[in-house]
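Reader: I am new to this structure and would like a friendly tour. Could you show it to me and then take my questions?

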Amino acid sequence: PLIAPRPLIVVNGDSDPRSALGGVKAAVASAERAYATAGTKEKFSFILQVDTAHEVTPAAHDVVLTWFRRWLSPTESRIR
């Protein structure tokens, strides 16, 4: 939550042995509250990859690239 209101995307597999799903969901809930409090819900994104361990699927990769272009483009004034 301390990164709010700066842009943040979290991508996690639902079967990742390195990140227990319960802990991931608790962290996401905490971040969602922080972004809502900051009035910047649109800057937080959570992608849960179904039936996926510790990897990024091609679909998630595409979503992340789109997110990077939106929030981290040097021409975007939203990141300042």
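Author: Patches are made of residues with over 30% relative accessible area and no salt bridge, where like charges are joined within 9 Å and nonpolar side chains (Val, Leu, Ile, Met, Phe, Trp, Tyr) within 5 Å. A salt bridge is a side-chain nitrogen of Lys or Arg within 4 Å of a carboxyl oxygen of Asp or Glu. Accessible areas come from the Shrake-Rupley method with a 1.4 Å probe, and for residues only the protein chains shown count as cover.

Author: This is a predicted model, in which local features need pLDDT of at least 70 and side-chain atom pairs count only at pLDDT 80 or more, while totals for chains, interfaces and linings use all residues. Residues are numbered from 1 along each chain as its sequence is written, and side-chain values use heavy atoms, leaving out hydrogens and water.

Reader: In what order do the elements of the protein chain run from the N terminus on?
Author: Helices (H or I, at least four residues) and strands (E, at least two) are DSSP runs, numbered from the N terminus. The protein chain has two helices and two strands. From the N terminus on, their order is β-α-β-α.

Reader: Which residues make the nonpolar surface patch of about 240 Å²?
Author: One member, Phe68, sits in helix α2 (residues 58-72). Phe68 has a relative accessible area of 38%, so it is partly exposed (buried means under 20%, exposed over 50%, and partly exposed in between, with a 1.4 Å probe and protein chains only). The patch is made by Leu65, Phe68 and Leu72.

Reader: Is Val64 buried or exposed?
Author: Val64 also has its place in helix α2. Val64 touches Ile9 and Val11, not counting residues up to four places away in sequence (contact means heavy atoms within 4.5 Å). Because its relative accessibility is 15%, Val64 counts as buried.

Reader: What is the relative accessible area of Asn12?
Author: Asn12 is found in strand β1 (residues 8-13). Leaving aside neighbours within four places in sequence, Asn12 is in contact with Ser19, Val24, Phe46, Ile47, Leu48 and Gln49. Asn12 is buried because its relative accessible area is 9%.

Reader: What is omega for the peptide bond from Ala4 to Pro5?
Author: Pro5 is found in the segment before β1. The bond from Ala4 to Pro5 is cis, with omega near 15 degrees.

Reader: What is the phi of Asp51?
Author: Asp51 lies in the loop between β2 (44-49) and α2. Asp51 counts as exposed because its relative accessibility is 70%. Although Asp51 is not a glycine, its phi is positive, at about 55 degrees.
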